[in-house]
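Colleague: I am new to this structure. Could you walk me through it, feature by feature?

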Amino acid sequence: MFMDVIKSHFKENTPIFRKEIISLFPQYSQIYVCKMIKEAVDSGELAHHSMGIYYIPTQTKFGISYITARDIMTKRYVGYDGRYYGIFSGLSLENGFGLTTQMPATMEIVSNNESSKRREIKIDGMKYIVSKSRVEIDEDNMNVYMLLELFNSYPEESLSEEVKKTIDDFIKEYDISREDIINMSAYFPKKAIKKMAKEGVI
């Protein structure tokens, strides 16, 4: 019954936080739920990644499956199951738009789920910098937020025609209007909207 309930709420190889499991069993004490979690881990039905983080494992030809630090950070700070509450920023964002080919040694995230201005988190030897979002990020505004974040952070040099086309295609794909950009720009330093105007984005 315990694992049946968990499997009905979570997919295999997806991070599951202990507090999520506890919330599924309000009829039991936290101590009892933690005992059931341990029994499920001991039996192999649940796998324990690190403190407070579990997943439903599968078997591979190399043994038991594994979840990554990025899996965990994405669910906790960026999005899960069709909901979005953060974005990858910094070099990851610039890389996605072709502004750089440099792969980040440190991943950066902006999220509603962070209250501090800037916090460092290490998981599996990977370093993440998580920052509080300027305005609440959701499914409707995350792409506009990405654009403003991009123009707020990239260096002053002019964009190549290839990058401009990537940005233009992104704006068309997600049906981002000039009004959307201007409204979001109110939450960013003025340099972001000025760069966008200079590059002919708006």
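Modeller: Start with lysine 164, which is partly exposed at a relative accessible area of 28%. Buried means under 20% relative accessible area, exposed over 50%, and partly exposed in between, with a 1.4 Å probe and protein chains only. This is a predicted model: local features need pLDDT of at least 70, side-chain atom pairs count only at pLDDT 80 or more, and totals for chains, interfaces and linings use all residues. Residues are numbered from 1 along each chain as its sequence is written, and side-chain values use heavy atoms, leaving out hydrogens and water.

Colleague: With which residue does glutamate 199 form a salt bridge?

Modeller: A salt bridge is a side-chain nitrogen of Lys or Arg within 4 Å of a carboxyl oxygen of Asp or Glu. Here glutamate 199 bridges to lysine 164, with the closest N and O atoms 3.6 Å apart. Glutamate 199 lies in the segment after helix H9 (190–198) and lysine 164 in helix H7, so the pair ties together parts 35 residues apart in sequence. Helices (H or I, at least four residues) and strands (E, at least two) are DSSP runs, numbered from the N terminus. Glutamate 199 is buried, at 10% relative accessibility.

Colleague: Which residues are linked with Lys164 in a network?

Modeller: Salt bridges link Glu161, Lys164 and Glu199 in a network. Lysine 164 and glutamate 161 have their closest N and O atoms 3.8 Å apart. The two are 3 residues apart in helix H7 (residues 161–173), about one helical turn. Glutamate 161 is exposed, at 61% relative accessibility.

Colleague: How many salt bridges are there in the whole structure?

Modeller: The search finds 9. One of them joins arginine 119 to glutamate 114, at 3.0 Å between the closest N and O atoms. Arginine 119 is partly exposed at 35%, whereas glutamate 114 is buried at 5%.

Colleague: Now helices. Which residues of helix H1 are buried?

Modeller: In H1 (residues 2–9), they are Phe2, Met3, Val5 and Ile6. Down the axis of H1 they fall within an arc of 155 degrees, so they line one face; the arc is taken from the directions from the helix axis to the C-beta atoms. Asp4 and Ser8 are exposed on the other side.

Colleague: What covers the buried residues of H1?

Modeller: Look for contacts, meaning heavy atoms within 4.5 Å. The cover includes strand E1 (16–17), helix H2 (18–23) and helix H3 (30–43).
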